[in-house]
Each structure stands twice: as C-alpha cells, then as structure tokens.
Amino acid sequence: MTTTAEPEAGATADPVLGRPFAALMGLVAVAAAVGAGQLVAGLLSPASGPFLAVGDAAVRVSPQWLVELAKGAFGTADKPVLLAGIAVVVAALAAAGGLASRRRPGPGLAVVTAMGTLAMGAVLSSPTFGPLDLTAPAASLVVGITSFRRLHELRLRVDQAPTDAARISRRRVLIGTSTAVGAGAVAATGLGAWIGRDVTGSRDEVTAALARAGYQRAPAIPATAESGVPGATPFVTSNADFYRIDAALRVPSLTASDWSLRIHGMVDRELTLSFADLLARPLVERTITLLCVSNPVGGPYVSTTNFIGVDLREVLLEAGVSPAADQVLSTSSDGWTAGTPTGVLLEPDRGALLAIGMNGEALPPEHGFPVRMVVPGLYGYVSATKWVTDIEVTTFAERQAYWLQRGWSEKGPIKTGSRIDVPRTSVGAGRVTVAGTAWSQPIGISAVEVRLDRGPWQPADMATEVGGDTWRMWRAEIDVPPGEHTLQARAFDANGTPQTADVRDVVPDGATGYPTVSISAT
C-alpha cells in the first residue's frame with residue numbers, strides 16, 4: 001500500500017481520480033507489464049512470456065470436451081480466439097483495478113500482483129520449465145507495479161497542484177508519461193515477439209542446403225493423379241495451405257544450429273544428433289498424406305506434401321531398440337509428447353521420417369522447423385511430433401503421452417475415409433460432376449462410390465494412384481433433378497473393404513461415417 005504526500009496548500013483533501021483516467025491507468029500499467037515480459041522472454045526464454053504462458057496453461061488444464069468444442073466452433077482459429085479471450089479478460093481486470101483505485105492505489109496494485117503471480121504459476125507449471133523462465137514474469141510484475149504506482153502518483157499530483165499553471169505543467173508530464181509507457185508497452189511486445197520467433201535466416205540456410213543436397217527424390221506425380229475437376233483439391237498441398245492442428249500457442253523458434261535430438265531409453269546405445277548430423281545422412285523425399293484425428297467426417301484437416309528427411313527406422317536400428325519396448329515417446333521443444341508404437345516405426349516399408357523439408361524447402365516454423373516426425377498411416381496425435389527434440393524408447397505401461405492422458409486411444413491407425421470437395425452448395429439441375437478425395441494408409445484406395453438421396457451407389461472414376469501413403473482423387477457424373485438433395489460417398493481400401501457407415505465422434509480414435517453434402521439444384 002502506498003501513501004500519498006500531504007496535500008499542498010490550496011489543494012482539495014482526499015482527491016478522487018476520474019473514472020476514465022483510472023480505467024486507462026490500469027490498462028496502461030498492465031500493458032507495460034505484458035510488454036516487459038514479452039521483451040525479456042524474447043531475449044532470454046521465448047516460452048516464458050507471461051501472456052502466452054497463461055494461455056498454454058489454460059490449454060493444458062482444459063477438459064477434453066471443451067478442446068473439441070473449440071476446434072469444432074473455430075477450427076484452426078481456436079488459438080487466436082483463446083488468446084483474444086484472455087486479452088479481453090486481462091483488459092477487463094486491469095480496468096477494474098484502475099477504477100477500484102480512484103482514491104488509493106492499493107486495489108489496483110493487488111490486481112496487478114495477482115495477475116503477475118498467476119503468470120508465474122503458469123510458467124512454473126510448464127513441462128519445459130527452467131529457472132531462467134521466471135525472469136520474464138518477474139519483470140512483468142515489477143514493471144506493472146511500478147507503472148501503476150507512478151501513474152497514480154502523477155495523477156494525484158496534478159489534482160493537488162496549487163495553481164492552474166502548475167496543474168497544466170503536471171498534466172503535461174502525466175500525459176507524456178502515460179503515452180511513453182503505452183508506446184513502450186506496444187514496442188516491447190512487438191520486439192519481444194519478433195526476437196522470439198524470427199528463424200528466417202536459419203530456414204533460408206536449410207533451404208539452400210536442401211537445394212545442394214543429392215537426396216533421393218520421390219517419384220514424379222503424374223498429371224492423371226488429379227481429378228481434373230475445377231475447384232477440387234489439388235493432389236499436393238502447398239505449404240501455405242497445409243492444415244495446422246497442434247497444442248502450441250507460441251510457435252517454437254529453434255534454429256537449425258541450436259537443435260539437437262536425444263535418442264535414449266530402452267536402447268543399446270544412446271544417440272545425440274545435431275542438424276548437421278542429419279544433413280550428413282542419406283536424405284529421402286517421400287509423398288505422404290497426414291491426417292488429424294480431430295478431423296470430422298469429410299473435414300479439412302488432411303493434407304499431402306513431399307516431405308524430405310532421414311529414415312527414422314534406420315536411426316532407431318542404429319540405437320538398437322530393445323525387444324521389450326513397445327512405445328517410442330517423442331517430445332517437442334515445448335514439452336508436447338506423442339507415443340508411437342515401436343513395431344510400426346520398425347516396419348521395413350513404413351517410411352517414417354525425421355523430416356526437415358516440405359515441397360523442396362525447409363519446414364515452415366508452424367509445421368515443425370527445424371525437425372519433425374512423420375509416420376504414414378497413423379494419426380498425427382500419436383506420430384507427427386513437430387519441433388521434436390527428444391525420443392525415448394519405452395513402453396506404453398511406463399509412459400503416457402499428451403493425448404493419451406486426455407482420454408484418446410493408444411495406437412491411432414488412420415481409418416479409411418473420403419471427402420466430397422465438389423459440389424458444396426448450389427448446382428444446376430441435370431448432369432452434375434462430383435469430385436473428392438479418399439485415403440486408407442498405408443495400403444491405399446481401390447474404389448469410391450457416390451449416391452444421391454441415399455439411392456443406389458454409383459462407381460466413381462479413379463485418378464491414378466500415387467501410393468498407399470497418399471490420398472487418391474476421384475470423380476463421378478450423376479443426374480440431379482431440381483430441388484434439395486443430399487450427396488454421400490464411401491471409399492474402399494486396397495483389399496476391397498469399405499469405410500464404415502457407423503457414425504462416431506472423433507474421440508477416442510477418429511470420426512467415422514459417410515461424408516455428406518447438402519446441395520440445391522435449380
């Protein structure tokens with residue numbers, strides 16, 4: 001609690017701050033706190049930024065139903081929505097703290113202290129916590145308290161000024177100070193974010209290294225692998241359009257030179273690999289479709305690209321995996337974990353990668369730069385660890401990965417599925433082209449059928465198959481009379497087994513059912 005100076009001669013006793021300034025004072029002080037924390041985090045430990053640390057903690061403690069509700073409602077915008085919601089709550093608390101401090105700074109200081117303490121707790125609870133991580137929230141707390149005290153004191157000095165001239169002079173100081181604190185908060189936040197995320201130079205170096213490398217190229221994708229239908233999904237997804245679903249509010253900012261991978265646990269010899277070690281190994285390019293377990297039936301969270309990397313099976317064989325191990329637990333730089341069945345990774349033809357490139361360039365930061373895991377045939381939650389820095393060979397009985405702790409299933413094999421891409425809304429009555437994609441890793445798709453209004457199934461024309469690890473495009477021509485209609489599709493795997501009609505939610509191991517599109521024909 002701070003005591004104000006005795007009123008000067010002629011000043012009114014027990015002054016009360018105006019409501020607009022009081023609320024603004026709280027907002028500016030908390031903004032300064034956030035900016036200071038972000039700047040210090042960017043310089044010392046990007047993961048310790050207090051604002052994002054609170055968001056990460058909220059993700060960790062959220063019940064599974066709430067996580068899936070957010071994904072369903074906001075899709076890939078769930079993270080910005082969460083951060084925006086936290087910002088609104090923080091702003092409301094800051095303004096309320098200011099309003100409660102119109103006479104004395106105590107209530108506002110208590111609010112600032114409580115928020116700073118919460119940020120410290122969020123940083124302490126992080127799975128990647130280190131002692132240095134406390135520096136950023138500590139800086140936030142100090143700056144927030146100091147700013148609030150100073151602004152409150154300056155405003156009282158304005159109100160207690162003995163003359164109009166003195167009041168004007170002090171008001172100028174107050175305005176200048178408030179403006180400087182606010183501008184400094186914005187600048188510090190932006191600078192801290194830039195420092196903490198800029199890996200452009202490192203990515204450029206890796207892209208250049210890939211261009212020089214003599215890696216084994218993936219077979220060329222024939223033009224006949226496309227459906228040829230306007231508006232249909234292209235066979236290869238661009239890096240910009242590749243779906244992103246993960247638990248990271250802050251994209252980790254590891255550079256290639258700072259990265260290393262430890263392989264340990266139930267192995268004959270522990271390995272530690274640098275990025276240079278990966279580049280020195282045989283590199284291979286493989287065309288692979290990745291699918292998120294949270295993808296609803298007919299949903300968008302599936303993409304295909306040309307990954308470049310090192311064969312993960314060869315690395316594990318070099319380490320010498322114990323026959324008793326049934327899980328490879330991979331950990332990202334931000335502490336997220338995935339448990340992959342050891343037997344799958346050791347299959348000679350599975351083609352799992354420690355990937356360092358996508359479509360001829362370094363991985364984008366949001367897709368795992370500098371290194372991620374890619375395992376064909378398994379949903380990403382058990383296989384596709386981005387920013388991977390640790391691999392422990394263990395058992396499912398000994399260790400539980402992130403999503404397994406939250407009620408998802410252990411193994412996560414991708415189910416046979418399909419999607420209708422064209423049409424999506426209105427069409428002209430008559431002969432209508434229907435097109436889409438289907439997948440059944442790792443064996444591939446043999447056929448797709450479509451139907452209108454739950455009528456007889458009609459076979460689709462299949463595009464050229466690229467491989468069992470990728471999706472396959474299809475198209476069909478059907479007669480559609482005027483009116484409202486429902487289109488459905490079903491795929492058959494390479495053995496002729498159809499995708500199931502049973503409707504199930506994404507939890508615990510992926511959604512099932514026929515993709516359905518409602519259209520209007522005129």
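The model is predicted, so local features need pLDDT of at least 70 and side-chain atom pairs count only at pLDDT 80 or more, while totals for chains, interfaces and linings use all residues. Residues are numbered from 1 along each chain as its sequence is written, and side-chain values use heavy atoms, with hydrogens and water left out.

The structure holds 18 salt bridges, a salt bridge being a side-chain nitrogen of Lys or Arg within 4 Å of a carboxyl oxygen of Asp or Glu. One of them joins Glu270 to Arg262, with the closest N and O atoms 2.9 Å apart. In terms of relative accessible area (buried under 20%, exposed over 50%, partly exposed in between; 1.4 Å probe, protein chains only), Glu270 is partly exposed at 47%, and Arg262 is partly exposed at 36%.

Arg350 pairs with Glu347, the closest N and O atoms lying 3.1 Å apart. Here Arg350 is buried, at 9% relative accessibility, whereas Glu347 is partly exposed at 32%. Asp78, Lys79, Arg244, Asp246 and Lys386 are linked in a network of salt bridges.

The side chain of Glu285 does reach the backbone nitrogen of Ala218, at 3.0 Å. Leaving aside neighbours within four places in sequence, residues in contact with Glu285 include Tyr215, Asn306 and Phe307, where contact means heavy atoms within 4.5 Å.

Technical notes: A polar contact is a pair of N or O atoms within 3.5 Å; within protein, one must be able to donate a hydrogen and the other to accept it, and residues adjacent in sequence count only if both atoms are side-chain atoms.
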